[in-house]
Amino acid sequence: PPTTEPVPVVRDVPISGLVLPSNYVLGPDYTARLVRNGNGTHEEIIAYTPVIIAGSLSDSEENTEFLRLGYKRGERWRYLIADRGVALNGHKLVELASSGFPVAGENAAHLAAYLHRVEALNHQRLPSYKVSSHLGWQGKRCGDGFLLGRTLIDSTGEIHAAPGIDELFDAGANCGHVVFRGLGSGDEQIADGFHTKGTYAGWVDVVRLVAPYNRVLLGLYASFVPPLLEILRIPNFVIDWCGRTTVGKTTTQRVAASVWGLPDERADGGAIASWDSTKVFIERASAVISGLPLILDDTKRAKDPRVVAEMLYLVANGKGRGRGNTKSLARTRAFRTVLLSSGGAPATSFTEDGGARTRCMQIRGLPFLAADDTTTDLVKGINLNLQAHYGHAGQRFVQYLLQRRDSWDDWATNYNQIASEYMANATSEQSRMANYAAGIVVAGRIAHEALDLPWEFRDPIKGPLWAEIAADARGAAGAERALMDVQSWANSHQEWFYGRHRFDRESNPIPPASGWAGRWDREDGWDFIGFRQTQLREILRDCGYEPEAILPTWLERQWLDIEEGRRGYTKRFRVGGQKPYLIAIKRTAIEEVERLIG
């Protein structure tokens, strides 16, 4: 049976007081078990290097435990962290061979048995830490504080700047609070983006420049909303700055990101990511940063329009996709965040999912009200200085929330009052937007209280901007809006269509310089408006829609006159002396949408 004999063989075992089972020994370059037979006792090597357990980790929210395994190569100890269920299972332990652990198929079972006995003897002696695989609020009712990158703000508001897991183990430091540990290297990279640089005063000097611009100020205040989602019981939502101008949208996102961390979408680890990412990355990032804003730049960089559509749905619902494993269903992780997106086309143009669309506030127009040289200089200055000062405001904001727990109910009451004001005369879609607007307003007010911001608080949404947001919400169905926008384009370019063309003196059709846009018969006898495929796709993109999201919806609703037996969206019609394939929108579809929108 195991005993508590101290480890005598390897002098530099890095765990003070570590003990071995009596039937195992550590040599200078091996781990062995003692085997007794008729000729006495001999050592049977189970690993060609000393192996120990150097610590343990526990994640109470995920109900998982990990072991820090140590092994010696040459003169240096190396470590890796393994799921306890892997480390103590011979069939799974061999998976660690690719990470350098001294295991192979022939010794895995013996090595797993050895680790099991070492853990049993040293459970109380091993250094142990509590970890979490997500940032934001920790524990039930936020009782374990708030993780912001490598920093924990505990339930009293005290800040604990913790090093990484390896540094904690190496230092043998006592640590009673939760420490971040990602489920993979990508998670660690995300967490590293949430840190501080420069000074709080320096940051204030930068962001005070955006105070006159409501669309940018909205982004700043919205960045403070995610920690309040839990407190105010607001669902996840999306804010999307869209428009063809290149001046201001990304800068607005950088202002928002600077509250929490590195405001640079070009950095390997920062508080801004790009839509040029995989679905798996965005889903993982959403789960990791729960309680912080998810900021994705430039929808046009998405490799597949369906990524945008699926991620809007995912964020709006606050859960990752359900997945299975060989034994059962894997746990689906819930998260709380606000997605701050930007792009030339509205993010909602990539999807016809009603739940996702009605949770997306579209912010159109120029964030800084102009795109001239003066504005360009202002934006450059803001961007330059944000790289030098960031991350301080988020820490102070969360400290304030934790130190004012007795105000949480009052804030919730204030939120409900503001939402009710916004809901006056609102449609059901606008009522959802009213909840989001109220959350932004309350977050802005609390931020002014917590940070003593050097300008007078004002609601950046109420007034013309709310009218625009509400109008978008009222016509939230992108397919209908797109159809009306395309019809409007056709009305203003009637002479570009064969059938409504001009004639020369000999009564011959006069085609436009760029060629016919399609076919549209004259007067009341028309049944369809037919567009050249490239022309219609260009119109949709110019109007801010993604054709691959809109055209399938039009087809499904039977708004297109298609050729029987042919796949796709087209039908052949005569245009002049040719008979090309056109995308033909039925007149009945246009009249249906006109009645619907009113």
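This is a predicted model: local features need pLDDT of at least 70, side-chain atom pairs count only at pLDDT 80 or more; totals for chains, interfaces and linings use all residues.
Residues are numbered from 1 along each chain as its sequence is written. The pLDDT, the predictor's confidence in each residue from 0 to 100, averages 87 over the chain, and 93% of the residues score at least 70. Residues 1-10 stay under 50 and have 27 contacts (heavy atoms within 4.5 Å) beyond four places in sequence. The pLDDT is also below 50 over residues 322-331, a stretch with 11 contacts in the model beyond near neighbours in sequence.

Helices (H or I, at least four residues) and strands (E, at least two) are DSSP runs numbered from the N terminus. An open sheet is formed by 4 strands in the order 10-11-12-13, with antiparallel pairing; two strands pair if DSSP finds at least two bridges between them. Strand 10 (136-137) and strand 13 (159-161) are the edge strands, each pairing on one side only. Between them in the order, strand 11 (residues 146-148) and strand 12 (residues 151-153) pair over 3 bridges in the antiparallel sense. Leu148 stands opposite Thr151 in strand 12.

Helix 14 (residues 392-403) lies across strands 10, 11, 12 and 13 and runs at about 25 degrees to strand 12. Axes are lines fitted to C-alpha atoms, for helices over the stretch in contact, and angles run from 0 to 180 degrees between N-to-C directions. Helix 14 also packs with helix 16 (residues 428-451) at an angle of about 95 degrees, the axes being 9 Å apart. Helix 14 is therefore roughly perpendicular to helix 16, a term that covers angles of 65 to 115 degrees, whereas angles under 35 count as roughly parallel, over 145 as roughly antiparallel and the rest as oblique. Ala393, Arg396, Phe397, Tyr400 and Leu401 of helix 14 make this contact with residues of helix 16 including Ala443, Ile446 and Glu449.

The axes of helix 9 (residues 249-257) and helix 13 (residues 373-386) come within 10 Å and cross at roughly 30 degrees. Helix 9 is therefore roughly parallel to helix 13. Thr251, Arg254 and Val255 in helix 9 meet Val379, Ile382, Asn383 and Leu386 in helix 13.

Terms used
Side-chain values use heavy atoms; hydrogens and water are left out.
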